[in-house]
Structure formats: structure tokens, C-alpha cells
Amino acid sequence: MDDYSNIAELEMLRRQLQQLHESFSAVIFETRPTPDNPTLVSWPDLLSKFNVLAAKYAVLNQAVSKKHAGLLREMAVAPKTRPSGIHEQNILSVLLRTKLAPEIEQEEEQIWADIEAEMQHDKKLDWTARADMHESLAITAMNSFLYLQKKHTEAVDSLLQDMLDAEPRQKPASEEDTGEQAVEKTVALEDVLAFMSTGARS
């Protein structure tokens with residue numbers, strides 16, 4: 001890749017960084033209360049502005065970390081002129097720094113440790129809630145099974161008892177003359193199937 005292409009890529013990155021910096025400055029200015037405009041920005045407007053900043057930052061981060069990573073690793077930045085004052089020298093030392101300051105690194109490590117601890121705590125609470133829900137469902141299922149088992153057992157025993165008590169007899173003339181019909185007992189289908197599968201009982 002020639003020098004012209006490298007300069008073009010760096011210029012494009014510089015424009016993206018400048019646009020992001022201008023966006024940050026605009027959001028800070030617009031969201032900061034002033035005597036002329038003491039009203040705070042509404043949450044939807046603030047969220048919209050933040051989404052714009054996040055999108056621009058994501059594009060720039062993608063370009064720096066992946067698209068132009070090879071170019072940036074092969075190049076170094078140096079000022080054209082020597083900084084004239086202490087303030088400019090301090091700014092230059094920050095810009096040329098290749099790693100974060102120790103206090104910032106410690107703060108970042110602490111943030112990641114807190115995030116990890118919170119995630120582990122949330123995961124533990126989630127599994128505890130799932131275990132409690134599973135136990136509740138298991139108890140409910142067991143109670144339902146015992147209730148249905150008792151109900152079917154009573155129905156089967158009643159049917160079996162009716163069969164044992166039934167004896168073939170001839171209807172009295174009074175029943176034949178009056179045309180009265182015997183009352184049929186309503187039985188659920190699952191009780192009939194349970195009765196058929198019980199087999200002979202002693």
C-alpha cells in the first residue's frame with residue numbers, strides 16, 4: 001500500500017474522530033442546564049442522543065480495531081513542532097500513551113470484577129428461583145395424581161361392588177306395567193377404562 005493510500009485512510013479516521021468529538025461536545029452542551037435554559041433534557045431525547053453517540057463510536061471502534069488495525073500498528077505519531085509549554089507537553093504525553101494510567105486500570109479491573117460478581121449473584125438467584133418453581137410444580141403434580149388416583153380407585157371399587165351385588169332376577173309385574181326404567185349410573189370414561197384394566201379381585 002502506497003503512502004497516498006495510508007494518508008487517505010488516516011485522514012478518514014481523523015474526520016470520524018473529529019465528528020465523534022464534536023458530537024460529544026454538542027450533547028454535553030445541549031444536556032447541561034444553563035441560566036437561559038434551566039430545563040433538563042427529557043429521557044427520550046437523552047436516550048436518542050446517546051444512541052447516536054454509541055453508533056458513531058461503534059463505527060470508529062470497528063475501523064480502528066479491525067479495518068485499519070494493521071496500518072495503525074505500523075505507524076507512529078509525532079508532533080511537527082516541539083511543545084512550547086508544560087500544558088502542551090502533558091497533553092502530548094497523554095496522546096502518545098500506549099496504556100491506561102495505573103489508577104484507571106485498577107478502576108477498570110474493579111468494574112469488571114463487580115460486573116462478574118453481580119452476574120454470578122443473578123445466576124445463583126435465577127437457579128434458586130427455578131428450583132423453587134420446579135419443586136412447586138412437582139408438589140402440585142403429585143397432589144393432582146393422588147387426587148385422581150383416589151377418585152379412580154373409589155369409582156372402580158364402586159363399579160366392582162355393583163357387579164358383585166347384582167343378581168339376575170325377574171322384574172315384578174308392577175315395574176313392567178308402569179313402564180318404569182332402571183336408573184343408569186353415569187361413569188367417566190377413564191373410570192371405565194381403569195375398571196377394565198383392574199382384572200379380577202379376590
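These legends walk through a few close-up views of a predicted model. Local features need pLDDT of at least 70 and side-chain atom pairs count only at pLDDT 80 or more, while totals for chains, interfaces and linings use all residues. Residues are numbered from 1 along each chain as its sequence is written, and side-chain values use heavy atoms, with hydrogens and water left out.

View 1. Ser23 sits in helix α1 (residues 3-31); helices are DSSP runs of H or I, at least four residues, numbered from the N terminus. With 12% relative accessibility, Ser23 is buried (under 20% is buried, over 50% exposed, in between partly exposed; 1.4 Å probe, protein chains only). Its side chain makes a 2.7 Å polar contact with the side chain of Lys56 (a pair of N or O atoms within 3.5 Å; within protein, one must be able to donate a hydrogen and the other to accept it, and residues adjacent in sequence count only if both atoms are side-chain atoms). The Ser23 side chain also reaches the backbone oxygen of Gln19, at 2.9 Å.

View 2. Arg14 is 3 residues from Glu11 in helix α1, and Arg15 is 4 residues from Glu11.

**View 3. A pair in helix α5.** Asp126 and Arg130 form a salt bridge, with the closest N and O atoms 3.2 Å apart. They are about one helical turn apart, because 4 residues separate them in helix α5 (residues 102-165).

Note on methods:
Helices (H or I, at least four residues) and strands (E, at least two) are DSSP runs, numbered from the N terminus. A salt bridge is a side-chain nitrogen of Lys or Arg within 4 Å of a carboxyl oxygen of Asp or Glu.
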